[in-house]
Amino acid sequence: MEGAELELERRSKFLSSLIEQKKAKEHQEQHSKLNVHVRAADMPVLLQDRAFRCAREQLDSMPGKLDSKRLALALKKEFDAAYGPAWHCIVGTSFGSYVTHSTGGFLYFSIDKVYILLFRTAVEPLDR
């Protein structure tokens, strides 16, 4: 009986790994379509996908020159409205940063030649 349970567990792990590989491949294909390259992330995949779509839509709506401020504002508003306050966004073709973020609230990616840093900080009330 124990051998059968071990075999069942082995097969279950194998199938789970296949499912994860398929999901990873699908996400990679979606990133390729949007021309997205994730540089660093500590954010759930669903939130990442939302950021990628929002950024792509904003970039596609800009005729000609990049408007970094408009793109940053759009991403910040989108995430503040959907996931609560204290989201920050930095957009540009060349910048440095060092930030502290809330767990699960950090994404650094590029689309085309535009780099985007989106992160969340904790909001704590002031005690006076």
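In this predicted model, Y108 stands opposite L117 of strand β4, and I90 also has its place opposite L117. Strands, like helices, are DSSP runs numbered from the N terminus (E, at least two residues, for strands; H or I, at least four, for helices). Residue numbers start from 1 along each chain as its sequence is written, and side-chain values rest on heavy atoms, with hydrogens and water left out. Because the model is predicted, local features need pLDDT of at least 70 and side-chain atom pairs count only at pLDDT 80 or more, whereas totals for chains, interfaces and linings use all residues.

Strand β3 (residues 106-111) is joined to β4 by six bridges, and the two run antiparallel. Strand β2 (residues 87-92) is likewise antiparallel to β4, again with six bridges; here H88 has F119 of β4 as its bridge partner. β3 and β4 make up a hairpin with two residues between them, and D112 in the turn has a positive phi of about 55 degrees.

Along the sequence the chain follows the pattern α-β-α-α-β-β-β, made up of three helices and four strands.

A residue is called buried under 20% relative accessible area, exposed over 50% and partly exposed in between (1.4 Å probe, protein chains only). Strand β4 (residues 114-120) is largely enclosed by the rest of the structure, because five of its seven residues are buried. For the chain of 128 residues, the buried share is 29%. V114 lies in β4 and counts as buried, at 8% relative accessibility. With contact taken as heavy atoms within 4.5 Å, and not counting residues up to four places away in sequence, V114 touches L59, L66, L71, V91, G92 and F109. The C-alpha atoms of V114 and S94 are separated by 8.3 Å, the two residues being 20 apart along the chain. In the chain, residues 24 or more positions apart account for 56% of the contacts with a separation of 6 or more.

Axes are lines fitted to C-alpha atoms, for helices over the stretch in contact, and angles run from 0 to 180 degrees between N-to-C directions.

α2 (residues 45-61) and α3 (residues 68-83) pack at an angle of about 145 degrees, with their axes 10 Å apart. On the α2 side the contact is made by L47, R50, A51, C54, A55, Q58, L59 and S61, and on the α3 side by R70, L71, A74, L75, E78, F79, A82 and Y83. This contact of α2 with α3 has eleven nonpolar, two polar and three charged residues; Ala, Val, Leu, Ile, Met, Phe, Trp, Tyr, Cys and Pro count as nonpolar, Asp, Glu, Lys and Arg as charged, and the others, Gly among them, as polar.

A74, in helix α3, counts as buried at 18% relative accessibility. Leaving aside neighbours within four places in sequence, A74 is in contact with C54 and Q58. Its C-alpha atom is separated by 9.1 Å from that of C89, 15 residues apart along the chain. In helix α2, R56 is buried with a relative accessible area of 14%. With the neighbours within four places in sequence left aside, R56 is in contact with L34, N35, I111 and D112.

Aromatic rings complete the description. A search of the whole structure gives six aromatic pairs, and ring pairs link F79, Y83 and W87 into a cluster. Rings of Phe, Tyr and Trp (its six-membered ring) pair if their centres lie within 6.5 Å, with planes under 30 degrees apart counted as stacked, over 60 as edge-to-face and the rest as tilted.

How values were computed:
Two strands pair if DSSP finds at least two bridges between them.
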